[in-house]
Amino acid sequence: MSDTPRDDLDAPVSAPPEHDGPGLDFGAPAAPPAPVPAPGMGAYRVLARKYRPQNFKDLIGQEAMVRTLRNAFSSGRIAQAYILTGVRGVGKTTTARILARALNYEPMDGAPGGPSLDLDVPGKHCRDIIESRHVDVMEMDAASNTSINDIREIIESARYRPVMARYKVYIIDEVHMLSTAAFNGLLKTLEEPPEHVKFIFATTEIRKVPVTVLSRCQRFDLRRVEAGVLAEHLKGICAKEGVAIEAEALSIVARAAEGSVRDSLSLLDQAIAHGGGQVSAEEVRRLLGLADKGRVIDLFEALMKGDMPRALHDFRDQYDSGADPAVILTDLAEFTHLVTRLKIVPEAANDAALVEAERLRGGEMARGLSMRVLARAWQMLQKGIGEVQQAPKPVQAAEMVLVRLAYAADLPTPDEALRRLKDQPALSPAPGPAPSGGGGGGARLSLATATALPQPAPARAMAPPVEAGPRLSSLADVVALASEKRDLMLKLAVETQVRPVKFEEGHIELALAPGGNALVVQDIARKLTEWTGRRWLVSLSQDEGGSTLAEEKQARRAEREEGIRAHPLVAAVLARFPGAEVVDVRTRDDDAGVALPPAEEDAYAGPGPDDEIEY
């Protein structure tokens, strides 16, 4: 250290030419030269950060939460801890910062005031809180600070009063990532925090947060933003940015975001960069790998009419344009769901997220298609999407799904087929021109040509008489029939759960054994009717009934073991080997149907009268 006075500190100091980094300057700095921006290194902020809400009025789709907080702040019922949950991109962290700003709001002019949700005029601490650099508002990422030591630091610092603001606010993002020890360490402070401390938690996995923590917090579930509201929000942002964008493109972006504001802004940012400041629906589809909505509707109409050549042609056109086969089927399933909704709730056509083609043609198809046909198409598409995603050649798998869907378009539903068989048992389709491409003729869709009414078919030859089924006389016969039909569940139930009371041809009365299931009676009646071709009535009786087949088998086995123990030869063996016991007794009947070699037969035959036994 030198004692020489530093008079030169008052003079401006400039960095040497070769020094481009920051330096220490204790005097008035000289005017720096205007920085020359490097090519492609502009200070651009993405839309998701540029248009992040600054107050509660900027939040969209969360009116219920804002109303609850406004009433709570007006009445002074401010909770000690809040937990915000919802899917990604709905504004959990942003809401936490706005809430911290509302808790510490103080007017710039120093006028007295308290916590307020009216944040139109920035207060003393607003800028620092928004920029995450306020000394009394601490943000912690629980994904990277999961241990009890991190929570211990919060507990220690919570004892001290805030430096500048009204409250110390701790914002813990992704709180579900905290360890069990960290949660337990936080419980006491969370339940009885100092009056100057507030906690705000945010999480996407609310089920992973312990109930002990949830019970100490006021919970707000941030909703997904509806597609119509999101499209209007994006439209306002495009107007501020001076970007020309088609309404259909806004609708596509809003749907692809699935209710996430951040995702929608990221997609919009990408679409603007892709289109060079002018965004069309076709460019957005190509960017996202989606199919043209109008072409999807054309494909759906061709399938419902059974026009297979046209359907395959439309599918190939979309695939050649860059649409993924699985995405095409997903769009078909989405349109099927839309038509079903329009059929049930016609007012759904007023949704702002729908394009004109969906609104008009979807309503027309909702009037022309039955609910059963739409439900069947939905099931086939859902199964087909999984097949396409796992297929080695998705294009071929998707085309086969479309073929199945087109051929099933004119098939009657099960109840319609039964009704036709009941009313007109001898009908066959009338001769006529085959539908185009061999697909189903569109009897379901009103836009398709109506099929001719069925005409009587020639008399069929008399069917040969049905062979009578097996005759049953006891529960043992039922068990044998169930074993023959390989119904092991019914076989086991008959052996262990029921006792015979009365057994006649076509009528059985049974009593339930302890622990038996009453539903087994219905299963026996249904299976016997199916197997024998005759109607069987099986009922429960209040009588005690006989023994179950399993009990009878166990009694015979015990009797047989007792008899074998009394045999002189076995008794001699048991006496010769202390501790030996008879484990099982088998007869030749037990091994019926199993052919044994002669040597093994002799071995199982036991000793003869002339055989000697040595010990």
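A: This is a predicted model. Arg133 pairs with Glu131 in a salt bridge, and their closest N and O atoms are 2.5 Å apart. Glu131 counts as partly exposed because its relative accessibility is 40%, which lies between the limits of 20% for buried and 50% for exposed. This pair has a link to other parts of the chain in the form of shared partners: Arg127, Asp128, Glu131 and Arg133 are joined into one network of salt bridges.

A second salt bridge is formed by the side chains of Arg161 and Glu195, at 3.9 Å from N to O. Arg161 lies in the loop between α5 and β3, while Glu195 lies in the loop between α6 (180–191) and β4 (197–203); the pair links distant parts of the chain, 34 residues apart. Both Arg161 and Glu195 are exposed. The loop between α5 (148–157) and β3 (168–173) also holds Met164. Together with Val135 and Val163, Met164 forms a nonpolar surface patch with about 300 Å² of accessible area.

Arg534 is buried because its relative accessible area is 19%, under the 20% limit. Glu505, at 39% relative accessibility, counts as partly exposed. In total, the structure holds 33 salt bridges.

How values were computed: Residues numbered from 1 in each chain as written. Predicted model: local features only at pLDDT ≥ 70, side-chain atom pairs only at ≥ 80, totals over all residues. Heavy atoms only, no water. Patch = residues over 30% accessible without salt bridge, like charges linked within 9 Å, V, L, I, M, F, W, Y side chains within 5 Å. Areas by Shrake-Rupley, 256 points an atom, 1.4 Å probe, with all protein chains shown as cover. Salt bridge = Lys/Arg side-chain N within 4 Å of Asp/Glu carboxyl O. Helix = DSSP H or I, 4+ residues; strand = E, 2+ residues; numbered from the N terminus. Buried < 20%, exposed > 50% of the residue type's maximum accessible area, 1.4 Å probe, protein only.
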